[in-house]
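Colleague: Before I plan anything around this chain, I would like to go through the terms used for it and ask what stands behind each of them. Could you show me the structure and then take my questions in turn?

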Amino acid sequence: MKRARFDSVISVSRLRSIQVLMGLLFLYFMLVTLEIPLISRFGFELESSQLISTPFDSNSKFSRLNSMSQDPVFTSKMGLSLPKRKMGEFKKISGLIFDEKTFDSFDKDDFSELHKVVRDAFVTGKKLFQDIESGKVESELVSLTQKNRTESCPDSVSLWGSEFVAGGKIMVIPCGLTLGSHITVVGRPRWAHAEKDPKITLVKDDEETVMVSQFMMELQGLKTVDGEDPPRILHLNPRLKGDWSGKPVIEQNTCYRMQWGSAMRCDGWISKPSEETVDGQVKCEKWIRDDDDHSEESKAMWWLKRLISGRTKKVSIDWPYPFVENKLFVLTLSAGLEGYHINVDGRHITSFPYRTGFTLEDATGLFVNGDIDVHSVFAASLPSTHPSFAPQRHLEMLPKWQAPPLPDGPVELFIGILSAGNHFAERMAVRKSWMQHSSIKSSNIVARFFVAMHGRKEINVELVKEADFFGDIVIVPYMDNYDLVVLKTVAICEYGVRTVAAKYVMKCDDDTFVRIDAVMKEVKKVRSGRSLYVGNINYYHKPLRHGKWAVTYEEWPEEDYPPYANGPGYIISFDIAEYIVSEFEKHKLRLFKMEDVSMGMWVEQFNSSRPVEYVHSLKFCQFGCIDDYYTAHYQSPRQMICLWRKLLLGKPRCCNVR
């Protein structure tokens, strides 16, 4: 009887337990059902933070930095307003948003002059970007475009010498040149003058002087890039009194972004028959040299032989050097099918083949300077229609050139490309060349252009449209300035750390061609997990105290720069990029106007707490290109396409010549 009661009690308790469990299970399903919208709304952000912290640093330094950056107390103290991050989200504006009010709460002496320039640039740039977003300058752009479409060009331009000098010794050629165009310069070389340490000759004694008479005539691309030295499409430099060779010469060359090509020298010897001709003309004609067998006796014998032989026999005639001090000359430059041809006083002197990277319509100015008095300049057979220099000329708004969407997870390498607002042609060439690499198209590697605000409003309007369409531009909202390029580098680090969580961050320029496979192969030589700094490393370089690139002692008091990689292309590891962003946000990052030196300085500071492996290679080319390059610098848009075509054929060869 007792056992029956006991069994009935147990059965009742079991029934209650089952009912309780069923209730809890029902409640659980209800909660899950209610939380599904919350998960779909916020789960992506949670998942992103986990993806960021997992694959890289076991100490989760990035997670700490990310949480600090979302702390309103932290951001207000650091003078930053950072939006919340979502990996895989398209960001047209850099997260490096600067709060200028922070400077008002600190002692002004705490900041350098460069920091103050940074503040002013951010204030001006922010206002300008707001005006652009509001559409205030759209009407200006429409009117400018309409003007360019309707404007016609004269078929000839002429200037007297006084007008030419008053115009800065430059004659503007509105629509450039075309096939058959020709320019005639009438001038008189000046008498030679004594000069110490001339660049064109070798002086053994500091006190020794030499007699110099030379001038240059250049076809320049005045409208190619605003705010930079125009490229020299053709540089013609006659040296009447000779140079290091001791003989009169004519030198021709090209120059793009301060990078000179291979000079072509004509020194009195006719080009070899085996050499390439230009439209059937030799590159260099022969003229009489002092070391020729043309003494007074030999000349007399030459005339005697000609008198005896008569005119039935073909006799070669050598002409003197075409330019003589204080003697008027007429020089005509004509544009042929294969190159430029120079004639002086009706006689062919030299022919210079067109080089990859320039077209006839790029030649929008003639510049003459040196030991010469110009009497008149005349250009004729010019194109009559105006080629548009608007962005539409360069940008191909086709979906195939758009950037693929950012991946949801971290990437192996992020490439930040420094660019200027008006570099439409350069960006388009990069999109059509190495940014077509399979690793970038598949989003295993991500590349973005970093651009600041330009001084011309219409350029900024077009820049925003370009960014919206291609999805590969990050605008850093400050007024662009050469001394502030370093801010774009910090922005590259910020984007690489927070938006794509890249294992490695690379910086390059928009005239740098990058061999993706070769760069990754070089990076992977370093054991995974180690801090690295890869590039063409300079050791013990000293600041220049004089000249165009001079650095004052106030700007850089040390006698040597830290080891630094040349700016056209270098790579740092994730932790170094993270450190740079953190120090910048704390206003502790030392800023210097030379971007590549700044990076070397920051890496050196990081190296004091954690070892960094420096990897040096000359194949990260500072000047131009070498075969089997990792990066090639100073490549024009046409050279970019040429390099890409060669690379597709498995030939990492340069395109410096035709």
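Colleague: What makes a set of residues the largest nonpolar core here, and which members touch the most others?

Modeller: A nonpolar core is a set of buried Ala, Val, Leu, Ile, Met, Phe, Trp, Tyr and Cys residues joined through side-chain atoms within 4.5 Å, where buried means under 20% relative accessible area, exposed over 50% and partly exposed in between, with a 1.4 Å probe and protein chains only. The largest such set has 51 residues, and Phe414, Tyr533, Ile572, Ile580, Met599 and Trp602 touch the most other members. Among the elements that give two or more residues to this core are strand 16 (413-418), helix 11 (485-498), strand 22 (564-573) and helix 14 (595-607), and helix 11 gives the most, with nine residues. Helices (H or I, at least four residues) and strands (E, at least two) are DSSP runs, numbered from the N terminus. This is a predicted model, in which local features need pLDDT of at least 70 and side-chain atom pairs count only at pLDDT 80 or more, while totals for chains, interfaces and linings use all residues. Residues are numbered from 1 along each chain as its sequence is written, and side-chain values use heavy atoms, with hydrogens and water left out.

Colleague: Which residues is Ile572 in contact with, leaving aside its neighbours within four places in sequence?

Modeller: Contact means heavy atoms within 4.5 Å, and by that rule the partners of Ile572 include Cys493, Tyr504, Leu532, Tyr533, Ile580, Met599 and Val603.

Colleague: How do you know that Lys283 is buried rather than exposed?

Modeller: Its relative accessibility is 17%, and therefore Lys283 counts as buried, the limit being the one already given for that word. Lys283 lies in the loop between strand 10 (264-266) and helix 7 (296-309), where it touches, among others, Met264, Cys266, Glu275, Glu276 and Ile349, not counting residues up to four places away in sequence. Across the chain, buried residues make up 48% of the 658 residues.

Colleague: Why are helix 11 and helix 14 called oblique to each other?

Modeller: Axes are lines fitted to C-alpha atoms, for helices over the stretch in contact, and angles run from 0 to 180 degrees between N-to-C directions. The axes of helix 11 and helix 14 cross at roughly 50° and come within 8 Å. Angles under 35 degrees count as roughly parallel, over 145 as roughly antiparallel, 65 to 115 as roughly perpendicular and the rest as oblique, and helix 11 and helix 14 are therefore oblique. At this meeting, Val485, Val486, Thr489, Val490 and Cys493 in helix 11 face Glu595, Ser598, Met599 and Trp602 in helix 14 through contacts.
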